[in-house]
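Subject: Structure handover

Hello,

Here is the structure you asked about. My notes follow below it.

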Amino acid sequence: MKEIDKMRTGQLADMSDPEILDSFKHAKILIAKMRNMSIYDDKYRSLLEELIPSMSPSTIIMPPFYCDHGSGIRLGSNVFINTNCTFLDGGYITIGDNTLVGPNVQIYTPHHPLDYMKRRENKEYAYPVNIGRDCWIGGGAIICPGVTIGDKCIIGAGSVVTKDIPENSTAVGNPARVIKQN
């Protein structure tokens, strides 16, 4: 199995693999080109669509935006991602239709080995993050590897989501806890 496939499926992957490095480099070059652009610049949208090839035309990502690969991000229709978000997409990050993502939100899929000797190797896991339809992720929230957030959820600003959140829930805090079933 190729290392990039291992990375996408939650297996321990060698991050020095040439295909993974090429993907990472491609994304970083595109992000650097977009760094000083606004959504109103003619080339911004085409660069963004090269970074995230399957992106819906109705989705908006406000710059600056940061990610590791771009190709691991799957966005539904009418998704709005506010400024200064970071999506580490070694594993897939899937966001459903009509979801709003506040500024400074961080979504992480990478997870390093717990054994310190293994961490010295250039290997890591990546666990997918899934966010449902019609969600609102408040500014500054952090979504940890492997988390699923159900449809129609609200994640409070500054929350750290370490576990799955059931649909129709409002969750806040560090770690995020469900405080209300909508």
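Predicted model: local features only at pLDDT ≥ 70, side-chain atom pairs only at ≥ 80, totals over all residues.

Threonine 99 is buried: its relative accessibility is 0%, and the cut-off for buried is under 20%. Threonine 99 lies in the loop between β7 and β8. What does threonine 99 contact, leaving aside its neighbours within four places in sequence? One group is Asn78, Val79 and Phe80; the other runs through Ile131, Gly132, Arg133, Asp134 and Cys135. Serine 16 is elsewhere: 83 residues away along the chain, with 34 Å between its C-alpha atom and that of threonine 99.

Asparagine 98 sits in that loop too, between β7 and β8 (100–101). Its relative accessible area is 35%, so asparagine 98 is partly exposed. Asparagine 98 is not a glycine, yet its phi is positive, about 60°. Asparagine 168 also has a positive phi, near 60°, and is likewise a residue other than glycine. Look for asparagine 168 in the loop between β17 and β18. For context, most residues other than glycine have a negative phi, and most peptide bonds are trans.

Two cis peptide bonds deserve a look.

- Proline 63 to proline 64: cis, omega near -5°. Proline 64 is in the loop between β2 (60–61) and β3.
- Asparagine 174 to proline 175: cis, omega about -5°. Proline 175 is in the loop between β18 (169–172) and β19 (177–181).

Serine 58 is another loop residue, placed between α3 and β2. Is serine 58 buried or partly exposed? Its relative accessibility is 32%, so serine 58 counts as partly exposed. Not counting residues up to four places away in sequence, serine 58 touches Arg45, Ser77, Asn78 and Val79.

Next, the helix pair. Two packed helices are described by the angle between their axes and the distance between the axes. For α2 (residues 18–34) and α3 (residues 44–51), the axes come within 10 Å and cross at roughly 165°. That makes the two helices roughly antiparallel, the cut-off being over 145 degrees. The crossing of α2 past α3 is left-handed. On the α2 side, the contact uses His26, Ala27, Leu30, Ile31, Lys33 and Met34. On the α3 side, Tyr44, Leu47, Leu48, Glu50 and Leu51 take part. By class, that contact has 8 nonpolar, 1 polar and 2 charged residues.

Last, the cores. In soluble globular proteins, nonpolar side chains tend to be buried together. Here the largest nonpolar core has 41 residues. Which residues have the most contacts inside it? They are Leu51, Phe65, Phe87, Ile137 and Ile149. Helices α2 and α3 each give two or more residues to this core. So do the strands β3 (65–67), β4 (73–75), β6 (85–88), β7 (93–95), β12 (129–131) and β17 (160–161). A second, separate core has 6 residues, including Met7, Ala13, Met15 and Ala126.

Phenylalanine 65 ties several of these pieces to one residue. Leaving aside neighbours within four places in sequence, phenylalanine 65 is in contact with Ile31, Leu51, Ile52, Ile73, Ile81, Cys85 and Phe87. Of these, Ile31 and Leu51 also belong to the α2–α3 contact.

Best wishes

Technical notes. Residues numbered from 1 in each chain as written. Heavy atoms only, no water. Axes fitted to C-alpha atoms, helices over the stretch in contact; angles between N-to-C directions. Helix = DSSP H or I, 4+ residues; strand = E, 2+ residues; numbered from the N terminus. Parallel < 35°, antiparallel > 145°, perpendicular 65-115°, else oblique. Left-handed = near helix turned anticlockwise from the far one by under 90°. Contact = heavy atoms within 4.5 Å. Nonpolar A, V, L, I, M, F, W, Y, C, P; charged D, E, K, R; others polar. Core = buried A, V, L, I, M, F, W, Y, C linked by side-chain atoms within 4.5 Å. Buried < 20%, exposed > 50% of the residue type's maximum accessible area, 1.4 Å probe, protein only.
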